[in-house]
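This report covers selected local features of one chain. The sequence and the structure come next.

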Amino acid sequence: MLSYLSYMLAAVAALLVTCHALCKCPGIPGLPGIHGLPGGLKGQPRVPGNSQNIHQLERKLRFSFPGLIGPPGRLMSLPGRDGLPWLQGLPDSLDNELHNVLVNLKHRLSRLEGVLALNGKIREVGDKILASNGKEVDFASALESCEEAGGTLATPMNEEENKAILDIVKQYNRYAYLGIKEGETSGQFNYINGMPLNYTKWYQYEPNGKGTEKCVEMYTDGRWKDRKCNLYRLTICEF
């Protein structure tokens, strides 16, 4: 009797495993227990497998987790605007014409410089051109007028340049301010750009203003003296 019951229990267990695997078989009520007690294994409920439940599950998953990145789109971006063409050289005809204009302009400027030099209006020395408007003003006004014209106050860097400035001083017979000023240290003079002097032509015992005479003028013999900056002196510019 016991072997028969064992056989039946083994068969029922195998059937339950198969049903659970296939999710199709309903549970089979168990056999009555020994000594009259109800027993037996209760079958597991069948898992619904219809398409409606599957769709509901898909919707839940879709709202619960972000979706996968989709494939790249097929729309192409609009082409950009064409860039500027490369700059090209001038045609030969225009290039030759421009060259002729520059040569003619250079020739006319050279003639103009010659006329002005002949009339004593300008002096050429080295790479510099010296000129005067014949006006006598204070240092600040003289410097301003030279800078507005594209130059600066005449500043001799060597004996040759000092003589060229002296020629204009003698022509007008007027003392002239030079592009030199006293620095923060009393008695130490520099060029307007702040650089120290590399050439001087001081009178003996000059400079002697001791901080009260911060500008420099040239006398009619070409020598220098420190003077106050509010005096009226001849304007001589260099370019």
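Which residues are buried in helix α4 (residues 139-148)? In this predicted model, the buried residues of α4 include F139, A142, L143 and C146. They lie on the same side of α4, because they cover an arc of only 95° around the axis. An α-helix has 3.6 residues a turn, so residues three or four places apart point the same way. A140 and E148 are exposed, on the other side of α4.

The buried residues of α4 pack against several strands: β2 (128-137), β3 (152-153), β4 (176-182), β6 (215-218) and β8 (233-238). After α4 comes G150, with a positive phi near 95°.

**E217 in β6**

One of these strands, β6, contains E217. E217 counts as buried because its relative accessibility is 0%, the cut-off for buried being under 20%.

| Side-chain pair | Distance |
|---|---|
| E217 and R227 | 3.2 Å |
| E217 and R233 | 2.4 Å |

Leaving aside residues up to four places away in sequence, E217 touches Y175, A176, Y177, R223, W224, K225, R227 and R233.

**N190 in β5**

Strand β5 (residues 189-191) contains N190. N190 has a relative accessibility of 13% and therefore counts as buried. Between N190 and I180 the C-alpha to C-alpha distance is 5.7 Å, and the two are ten residues apart in sequence. With residues up to four places away in sequence not counted, N190 touches G179, I180, K181, G183, M195, P196 and L197.

Definitions and conventions:
Residues are numbered from 1 along each chain as its sequence is written. This is a predicted model: local features need pLDDT of at least 70, side-chain atom pairs count only at pLDDT 80 or more; totals for chains, interfaces and linings use all residues. Side-chain values use heavy atoms; hydrogens and water are left out. Buried means under 20% relative accessible area, exposed over 50%, partly exposed in between (1.4 Å probe, protein chains only). Helices (H or I, at least four residues) and strands (E, at least two) are DSSP runs, numbered from the N terminus. The arc is that of the directions from the helix axis to the C-beta atoms. Contact means heavy atoms within 4.5 Å. A polar contact is a pair of N or O atoms within 3.5 Å; within protein, one must be able to donate a hydrogen and the other to accept it, and residues adjacent in sequence count only if both atoms are side-chain atoms.
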